[in-house]
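The following exercises are to be worked with the sequence and the model in view. Each task is followed by a solution in steps.

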Protein chains: 2
Amino acid sequence: MSIYQAPLRDMQFVMFEVFNLEEELKQLPAHAETNRELIDQVLEEAGKFASEVLFPLNQPGDAEGCHYDQATKSVTTPKGFKEAYQKFVEGGWAALACDPKYGGQGLPIVVNNAFYEMLNSANQAWTMYPGLAHGAYECIRAHGSTEQQQAYLPKLVSGEWVGTMCLTEAHAGTDLGLLRTKAEPQADGSYLITGNKIFISGGEQDLAENIVHLVLARLPDAPLGTKGISLFIVPKFLPKEDGSLGERNPIFCGAIEHKMGIRASATCQMNLDGAQGWLLGEPNKGLAAMFVMMNAARLGVGMQGLGLTEVAYQNAVVYAKDRQQSRSPSAHKPNQAADVIIAHPDVRRMLLTARALAEGGRALATFIALQIDKELNHPDETIRKDAEDLVALLTPVVKAFLTDNGWIATSEAMQVFGGHGYIAEWGVEQYVRDSRINMIYEGTNTIQSLDLLGRKILLDNGAKLKKFGKMVQDFVEEYGTEEAMQEFVNPLADIGEKVTKLTMEIGMKAMQNPDEAGAAAVPYLRVLGHLVFAYFFARMAKIALDKQDSGDDFYKAKLHTARFYFARLLPETAMLIRQARSGAQNLLAMEASLF
Amino acid sequence: MSIYQAPLRDMQFVMFEVFNLEEELKQLPAHAETNRELIDQVLEEAGKFASEVLFPLNQPGDAEGCHYDQATKSVTTPKGFKEAYQKFVEGGWAALACDPKYGGQGLPIVVNNAFYEMLNSANQAWTMYPGLAHGAYECIRAHGSTEQQQAYLPKLVSGEWVGTMCLTEAHAGTDLGLLRTKAEPQADGSYLITGNKIFISGGEQDLAENIVHLVLARLPDAPLGTKGISLFIVPKFLPKEDGSLGERNPIFCGAIEHKMGIRASATCQMNLDGAQGWLLGEPNKGLAAMFVMMNAARLGVGMQGLGLTEVAYQNAVVYAKDRQQSRSPSAHKPNQAADVIIAHPDVRRMLLTARALAEGGRALATFIALQIDKELNHPDETIRKDAEDLVALLTPVVKAFLTDNGWIATSEAMQVFGGHGYIAEWGVEQYVRDSRINMIYEGTNTIQSLDLLGRKILLDNGAKLKKFGKMVQDFVEEYGTEEAMQEFVNPLADIGEKVTKLTMEIGMKAMQNPDEAGAAAVPYLRVLGHLVFAYFFARMAKIALDKQDSGDDFYKAKLHTARFYFARLLPETAMLIRQARSGAQNLLAMEASLF
């Protein structure tokens, strides 16, 4: 009963009209040949794969869940998942943005990212499996030895093998420094790894013939805490020289979790009982190596939030245009007992909230993905560094802001359905349940906020933030006197100044008491998210204003959505700034025993 | 693994210290004998029933769900539900606040309401069954003939029979005026009722021997819309003269829904195939009669939001005091690798959010319940009218504000658990899923907002609102010069003035265009909710300030929570007021086809 269509037009608008993607890619030698025609084709095919292959499996997959067999310690994914994965591999989709050196198609990240938005709209649980494989690919590519790269990357690129991140232990989640899994060096240079991991997405499954686990563990006599963690490659089956599968490695799934959502994604307890592994990167520097994977994963989780925002919006619109209840005071159709509910102002508030969060999120996600392409490929070092700084700054914003927004948007979309939204049949309650994990995993949104405010801004004396601020200022300068742009430029300039002031205030307070940063971080991140959205909506509005008389209603709709954003969503900053300024005392004064 | 303890101390504080319940009850002839000792005893026993009998069934009930048997069209509730219901009946709990004339215990609503908070904390799904029976009791008591009252009320009061509200049809949810179920008059004065109802909570179940369905249907030649709806009593088994069960009435359950939450509450599709029914109240005035039940039910849904807020808070606190992750900058214990997470500022922000929403909600719920007791029982007509006005004003606020808050609080509590919050084992994800329905049923929160702003405030020229405003003003006058109260009185006075101004502004705009009310209603309701919370927190803070040196830490904790509320939650009004003032244009300008 539910629907999904890839929002190709909006993706193309953001890529080619807002961010001039064709011009940008011409500056990058690796992508200079990637023109709009090719990207349009890829996006169109990607949209078909998402909506035709994956989307029909989403509701049934949730209802069925994964199956765990105690005897064989194996996991079976829901009906159709394996076949869909075969199509994914056959279509070459796993290789889309991978290095041609290992069999990849070498397309830019910005295209792959749009593809992942679609996959997540269509089926977040399914998308977890290839998504984590792509993270393993990036980590081995960045930190693996030539031998490791040759052994693992072609198989990950083709999709024949998938990957996992084995980080969490029962007593060590946010705080990986506490982990206890041990790695004992062997004479042949490998390690025997023993320990128990939990919450391992895709730790066991039946989609691919082999699983490349990346496992955090401690070497003997490693320092305590995060400085004593190393990263290991622990394949499910030990690969032979010729790439064929050898012995089964003793890393087994002991159970799968029963979860609120993403029920078709197997969340595994993994037991390593002397599993053979190989050090990836340097000893005791595993966390840094893993961060390559985690940063990609954080961007990936942001795309999950965005994907669910989009699909929930689409379904709510279909319902709101069809469902007739009550009479609209202003738009009543006299021949009808009731009007379609899209006529009612508050239904529109809910729809436009989800719509604006999707459009703002897509602009931000496209921007950061393009910056990653520039960071990786631009010939000019200064531009690479600028891009790297913007990626570092905005990664926690993409992860936390877009996933908080996914929770807000899916819930608003569900509310449009009334009681029908609460029953499984219509599919929208699944989006709400699925979206909730995105605020938690790959570093909770609190952790993202602390990373943003503490590491990315305060420790950096605001240098990265100033780079983004400069873009905002330039825009305000350029369009500040244009009459039609006043409604967008003025509030943008205003929130820009407020962010500057707020950042300085918190910085001063945090120097006296580091808990002041912790007390302000979560509202601060959302304020910055709004600055980013306001900036992109203003840029989008400029283009839409110029083209509103083109006869293409797309630009009219874009203008309406931008106006809605400034009128109804940006005002959240009035609350957030007060919360962020209110300080640590209102949180810390109460003794713990009084809770 | 989850816990629940009835918050007796906080209930007693609100009842006896904030609202002087003993003095108030002495003014009401029906309750003049109900002293604190009796109430304390009832609350204590109620707390035991909730935590010992119902709470252990909550997680298993959710996991098992209800069972529907197609052959017999019967519903079986989860294991233990029936036995718990027996204990409920045997303990006389169904009769707690019922009229002694029909076997009730005649306790005030304010006590019954506290009881329902506990029941909902312990097991919202189970509580739906007796909760709806109580609504049927109130409706028949208010509108039934003497004969109907004698036939049904004693059985509902004892709990031997339960009740339902059969309102919704597939095409008629929010808009009951569209309903099609038909009632044909018979020679004996009864009616034969034919139609299909959906979303009927407890429409079929195995807890009680009979079910008293209250069914909305149309008489032949009834006017279109809401003015042509009549209310009927349609018992599952036709009662004989002596009260024993007669023939099975053809009102059958055709299916039960698979839902996001409250999975142990049977949500039934009910098919009436010439079921025999009796008119309750006057022809074509069924909706007005049903409103007695709906107002009680709306207050009841508010208690569901509050109950889940409380139990989610309690469980998050236990986890936060036990779970050790990361080091607190300010409170690190040197002998530990990590600190309990309650040391971290943002964990406290989440905990205090849930705590403040529970405490504010409990004050509001207790206040409105006491007003209902006064409305029903006070000898002075002016006081009865004032109480009635406050109940009318605050009912939509209790329903919508407390259920929105329940969604916020359960989600924050879940976030405290990190990944453990997302798996079923810890119980907290169920609170999130269960709480989501509360924003939808018994009139969506949008409908509550329209009722508040349109009917209760604008149509009334603000008279009811002024009565509440007078209480706020009096408090501000009385404590406005007290130094220690400045931090509470000043922001209270400020939000009071803002509400007055906002109400007038919207009223002026709505006279030009009724869509302006619809466009402002949802944020407006939350603004008013905050005014109410700010007022009650200020009153509670006054008492806590006076007693903070009493050696009882309860008052210290209350002060901290009040300060947190003013610093971190009240600022939501800065956002809400801007949204409410932003007008209808940003919602309505976009053509429906552009969505």
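A residue counts as buried if 20 or more other C-beta atoms lie within 10 Å of its own, and as exposed if 12 or fewer do. The model used here is a predicted one.

**Exercise 1. Describe the overall build of chain A, beginning with the share of its residues that count as buried.**

Solution. Step one applies the cut-off above: 60% of the 595 residues of chain A count as buried. Step two takes the secondary structure, in which chain A has 18 helices and 11 strands. Step three considers the radius of gyration: the value for chain A is 24 Å, close to the 25 Å given by the globule rule for 595 residues, so chain A is as compact as a globular protein of that length. The C-alpha trace of chain A spans about 80 × 60 × 60 Å along its principal axes. Step four turns to contacts in chain A with a separation of 6 or more; residues 24 or more positions apart account for 74% of these.

**Exercise 2. Determine whether the faces of strand β7 of chain A are covered or open, and identify the strands with which β7(A) pairs.**

Solution. Begin with burial: β7(A) comprises residues 230-235, and six of its six residues are buried. Next, separate the two sides. One carries Ser230(A), Phe232(A) and Val234(A), and the other Leu231(A), Ile233(A) and Pro235(A); all are buried, so both faces are covered. Then examine the pairing. Strand β6(A), residues 210-217, is antiparallel to β7(A) and joined to it over six bridges. In this pairing, His213(A) stands opposite Val234(A). Strand β11(A), residues 267-279, also runs antiparallel to β7(A), with two bridges between them. Here Phe232(A) stands opposite Leu279(A).

**Exercise 3. State how chain A is related to chain B, and characterise the side of chain A that touches chain B.**

Solution. The same surface serves both, since 100% of the contact residues of chain A recur in chain B.

Second, count the contacts: 73 residues of chain A are in contact with 73 residues of chain B. Third, locate them. Elements that give two or more residues to this side of chain A include α8 (286-322), α9 (345-377) and α15 (515-547). The largest share, eight residues, comes from α16(A). Finally, sort by class: the side of chain A that touches chain B has 36 nonpolar, 20 polar and 17 charged residues.

Key: Residues are numbered from 1 along each chain as its sequence is written. Chains are lettered from A and ligands numbered from 1 in the order in which they are written. This is a predicted model: local features need pLDDT of at least 70, side-chain atom pairs count only at pLDDT 80 or more; totals for chains, interfaces and linings use all residues. Copies are superposed by least squares on the C-alpha atoms of residues with pLDDT of at least 70 in both. Two residues are in contact if their C-beta atoms, placed from the backbone, lie within 7 Å. Helices (H or I, at least four residues) and strands (E, at least two) are DSSP runs, numbered from the N terminus. Ala, Val, Leu, Ile, Met, Phe, Trp, Tyr, Cys and Pro count as nonpolar, Asp, Glu, Lys and Arg as charged, and the others, Gly among them, as polar. The radius of gyration is taken over C-alpha atoms; the globule rule is 2.2 Å times the number of residues to the power 0.38. Two strands pair if DSSP finds at least two bridges between them.
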